[in-house]
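I opened this file to look up a handful of residues and to write down what I found. The entries follow in the order in which I made them.

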Amino acid sequence: MTREEYWFWLCNCPDIYQQDIQRLLKVFDSPEELFKADSKVIAKELLKINGPDPSLNRKQLASLLNTRGEDEIKRNLEKRKNEGVSFVSIDSPEYPKHFDVLTDKPYAIYVKGKLPEDNKISVGMVGARNCSGYGKTMAGKFAKALAVNDVQIISGMAVGIDTVSSRSAIIVGGKTFVVLGSGIDYIYPRENIELYYDIIFHGGGIISEYPFGSKPIGWQFPHRNRLISAFSDYLLIMEARKQSGTLTTAEHALRQGKDIFALPGRVTDSLSESCNTLISEGAGMLSTPEHFIQYILGKQKQNRAPELNPQSPILNTDQKVRLVYSVLNFEPKIVQQVMEETHLEPEETAEILMELELSGLIKEVGKDYYVRED
């Protein structure tokens, strides 16, 4: 068997978790050595690891011994590859360099799509599931502005801020990558099934450290948050209540030496409480996407407007469609103002606005008033 296959065997043994692998590999030099070890030797080492717990020892010993079928290991690994899943062990040349900041690196990860590129800036965007309209709008604005500047968006695919951030990056043709708190084949939350496949289709990736079939158990989400922050060069907290789970990502980022930024809000808003606290404790304050982009790119204020999604059905239309889209932003504009700024005729302007609205890129928020879609 190959080194990859030995790692796949060990990382997929039932009832064998990361801490167990860590302890076993202090005794056995490699998964291959453990695979070939005598059952009595393994039983002896499990006794040292687990202590006098015969139930756990028997369960783990059976797991390590009963999964040694080489043909089945090869077949299962090949099956995952055929499903479009890459198995990346800690010994693989594809193993993320971002994980160098971790003291508890995963021994393997599963990837559907692609991994974030090392030579591009990555920004983590996380926040409240039950976010406010303010948080949703700001997350969309930041994600879109970052994405069109070729910044990779990292998130966790939770509802709320995570979903808005990933979806907004896709809308403008950017790349987004999510780290799941479940197995890569267990899409959670279920309402994000479409987003899951859109991320892959548009050149991003889905990542998990948990074996196939792993259900979304509570402790796995704060545990996976260390990977979100590890992938991120900067971490943005868009909204978070006091004692929010989002703060675990900030704690990991702090330990990893990452720059943390938070979106300020009114002191009376519970969803802004943790963000305001983080700012008071030294986190960077988010004001506008342009200022943040200027900070991370080291350039003058960015004037580049978000572009249309390359997968949008209106991509190949004439330049006038792009012109109308470019003059709209997140502040409502009346049709008359759009006409003045684009120098287009009334009928032509109305037709283009309707086309953009039907494509989900803008919306009418009042009679003849339009804004870009969040």
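**Entry 1: overall layout**

I started with the domains and got 30 Å between the centres of domain 2 and domain 3, taken over C-alpha atoms. The assignment divides the chain into domain 1 (3–82), domain 2 (122–297) and domain 3 (314–372). The model is a predicted one, and I kept that in mind throughout.

I noted 16 helices and 12 strands in the chain. The C-alpha trace spans about 85 × 45 × 35 Å along its principal axes. The chain has 374 residues, and 50% of them count as buried. I also looked at how far apart in sequence the contacts reach. Taking contacts between residues at least 6 apart in sequence, 70% join residues at least 24 apart.

**Entry 2: confidence**

The average pLDDT of the chain is 89, and 93% of the residues score at least 70. Residues 299–308 have a pLDDT below 50, although this stretch has 25 contacts in the model beyond near neighbours in sequence. Where pLDDT is low, the predicted coordinates should not be read in detail. I took no further notes on that stretch.

Which helix holds Asp162? I found Asp162 in helix H8, which covers residues 161–171. Its relative accessibility is 4%, under the 20% limit, so Asp162 counts as buried.

Leaving out residues up to four places away in sequence, I listed what Asp162 touches: Met125, Val126, Gly127, Ser155, Gly156 and Met157. For Val126 I also took the C-alpha to C-alpha distance to Asp162, which is 5.4 Å across a sequence separation of 36 residues. At Gly156, the backbone nitrogen lies 2.9 Å from a polar atom of the Asp162 side chain.

I went on to Thr163, also placed in helix H8. Thr163 is buried, with a relative accessible area of 18%. Beyond four places in sequence, Thr163 is in contact with Met157, Ala158, Asn192 and Leu195.

Met157 turned up in the contact lists of Asp162 and Thr163, and I looked it up separately. Met157 is in the loop between strand S4 (152–155) and H8. Phi of Met157 is near 65°, a positive value in a residue other than glycine.

I noted another positive phi in a residue other than glycine at His343, where the value is near 60°. His343 is in the loop between helix H15 (335–342) and helix H16 (346–358). Is His343 buried or exposed? With a relative accessible area of 69%, His343 is exposed.

The peptide bond from Tyr188 to Pro189 is cis, and I recorded its omega as near 0°. Pro189 lies in the loop that runs between strand S5 (176–179) and helix H9 (193–201).

**Entry 3: Asn225**

I placed Asn225 in helix H10, residues 220–231. The relative accessible area of Asn225 is 6%, and this residue is buried. What does the side chain of Asn225 meet in a polar contact of 2.7 Å? The partner is the side chain of Thr248. With neighbours within four places in sequence left aside, the contacts of Asn225 are Gly245, Thr248, Thr249 and His252.

**Entry 4: rings**

The whole structure holds 17 aromatic pairs. One of them is Tyr196 with Tyr197, an edge-to-face pair at 4.9 Å centre to centre and 70° between the planes. I checked the accessibility of both residues. Tyr196 is buried at 1%, whereas Tyr197 is partly exposed at 45%.

I also wrote down a cluster in which ring pairs link Phe142, Tyr234, Phe261, Phe292 and Tyr295.

The charged end of Arg80 sits over the ring of Phe212, at 3.7 Å from the ring centre. Arg372 lies over the face of Tyr325, with 4.2 Å to the ring centre.

Methods: Residues numbered from 1 in each chain as written. Predicted model: local features only at pLDDT ≥ 70, side-chain atom pairs only at ≥ 80, totals over all residues. Heavy atoms only, no water. Helix = DSSP H or I, 4+ residues; strand = E, 2+ residues; numbered from the N terminus. Buried < 20%, exposed > 50% of the residue type's maximum accessible area, 1.4 Å probe, protein only. Polar contact = N/O pair within 3.5 Å; in protein donor to acceptor, adjacent residues only side chain to side chain. Contact = heavy atoms within 4.5 Å. pLDDT = per-residue confidence, 0-100. Phe/Tyr/Trp six-rings, centres within 6.5 Å; stacked < 30°, edge-to-face > 60°. Lys NZ or Arg CZ within 6 Å of the ring centre and 35° of its normal. Domains from an automatic or database assignment.
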